[in-house]
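Student: Can we go through this one together? I'd like the overall build first, then some local detail.

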Amino acid sequence: MPSQIIRAERVEKYYAQPSENRIQVISPTDLAIEAGEIVALLGPSGSGKSTLMRMLTGLSVPSAGEVYWHEKPIATAEVNVSIVFQSFALFPWLTVLENVEAPLKARGMEAGERRKRSMKILDTVGLDGFQAAYPKELSGGMRQRVGFARALVVEPEVLFMDEPFSALDVLTAENLRSELLELWQKKTIPTQSIFIVTHNIEEAVLLADRIIVLGRNPGHIRTDFKVTLSHPRDRKTAAFTQLVD
Ligand code: ADP
Ligand code: MG
């Protein structure tokens with residue numbers, strides 16, 4: 001049986017309003033992430049995808065319900081997680097290598113080991129030779145590669161991505177996406193599971209083993225299904241059939 005890394009039980013989120021009326025953004029939601037899967041959280045803008053993802057990572061505390069990591073409440077669990085953001089969120093004053101080393105430095109890793117690990121992951125994501133460059137010297141696609149390298153260098157249990165390709169042009173996005181999938185299939189990515197937030201149906205269908213579709217007002221899971229076929233055309237047919245059900 002596949003092992004469960006994260007489990008959310010009846011998580012809800014409200015945001016406070018100046019009028020003192022609370023707005024419910026996520027209604028009670030159950031979901032789980034297992035080792036070995038790519039899960040896509042798909043939904044329209046404003047449906048609460050980022051809010052739900054943030055609760056799974058511990059960045060945001062649910063208003064009700066609980067998130068467990070390996071069956072321990074997230075507040076007491078050891079959580080090894082990285083997040084890739086749409087906006088890259090790199091440090092502009094640091095080189096590519098320094099950006100990638102930053103999370104290892106924060107964890108107190110010794111300089112030599114830090115460098116070795118960072119160079120290796122830069123090579124994996126296709127940034128060999130770019131270690132001395134600054135983010136502003138790079139294209140959007142290359143910047144997001146740095147974002148991936150920085151996220152992966154800590155070998156997160158789950159790699160979270162919030163619309164990681166949305167700021168890129170279509171071709172760059174497609175290239176990065178298929179490279180990511182190839183690396184994942186070759187098991188060269190040091191993470192157990194990937195959780196990707198997207199509003200792009202095609203992206204979800206082509207990448208994910210499982211798709212969770214979020215509806216809005218307030219955010220709720222409309223459907224959660226496995227995509228079991230491997231051929232892109234078959235995957236599309238199967239997934240679209242389930243989406244329109
Ligand atoms: P998505 O990622 O699907 O676009 P979000 O999770 O960002 O959706 O937002 C869901 C809803 O919650 C939106 O209506 C948004 O305006 C609202 N929201 C998000 N963050 C906050 C916040 N910090 N305070 C108040 N409302 C928020
Ligand atoms: Mg969002």
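This is a predicted model: local features need pLDDT of at least 70, side-chain atom pairs count only at pLDDT 80 or more; totals for chains, interfaces and linings use all residues.

Student: How many helices and strands does the protein have?

Tutor: There are seven helices and 10 strands.

Student: What percentage of the residues is buried?

Tutor: Buried residues are 37% of the 245. As for contacts between residues at least 6 apart in sequence, 69% of them join residues at least 24 apart.

Student: Switching to Arg10: where is it, and is it buried or exposed?

Tutor: Arg10 is in strand S1, residues 4-15. It counts as exposed because it has 12 C-beta neighbours inside 10 Å, and 12 or fewer is the cut-off for that class.

Student: Which residues is Arg10 in contact with, leaving aside neighbours within four places in sequence?

Tutor: Pro28, Asp30, Ala64 and Gly65. Gly65 is 55 residues away along the chain, yet its C-alpha atom is 4.7 Å from that of Arg10.

Student: Now helices. How do H2 and H4 cross?

Tutor: The axes of H2 (residues 96-106) and H4 (residues 140-152) come within 7 Å and cross at roughly 30 degrees. That angle is under 35 degrees, so H2 and H4 are roughly parallel. The crossing is right-handed.

Student: Which residues make the contact?

Tutor: Val96, Asn99, Val100, Ala102 and Pro103 of H2, with Val146, Ala149 and Arg150 of H4. By type, six are nonpolar, one is polar and one is charged.

Definitions and conventions: Residues are numbered from 1 along each chain as its sequence is written. Chains are lettered from A and ligands numbered from 1 in the order in which they are written. Helices (H or I, at least four residues) and strands (E, at least two) are DSSP runs, numbered from the N terminus. A residue is buried if 20 or more other C-beta atoms lie within 10 Å of its own, exposed if 12 or fewer, and partly exposed in between; C-beta atoms are placed from the backbone. Two residues are in contact if their C-beta atoms, placed from the backbone, lie within 7 Å. Axes are lines fitted to C-alpha atoms, for helices over the stretch in contact, and angles run from 0 to 180 degrees between N-to-C directions. Angles under 35 degrees count as roughly parallel, over 145 as roughly antiparallel, 65 to 115 as roughly perpendicular and the rest as oblique. A crossing is left-handed if the near helix is turned anticlockwise from the far one by less than a right angle, and right-handed if clockwise. Ala, Val, Leu, Ile, Met, Phe, Trp, Tyr, Cys and Pro count as nonpolar, Asp, Glu, Lys and Arg as charged, and the others, Gly among them, as polar.
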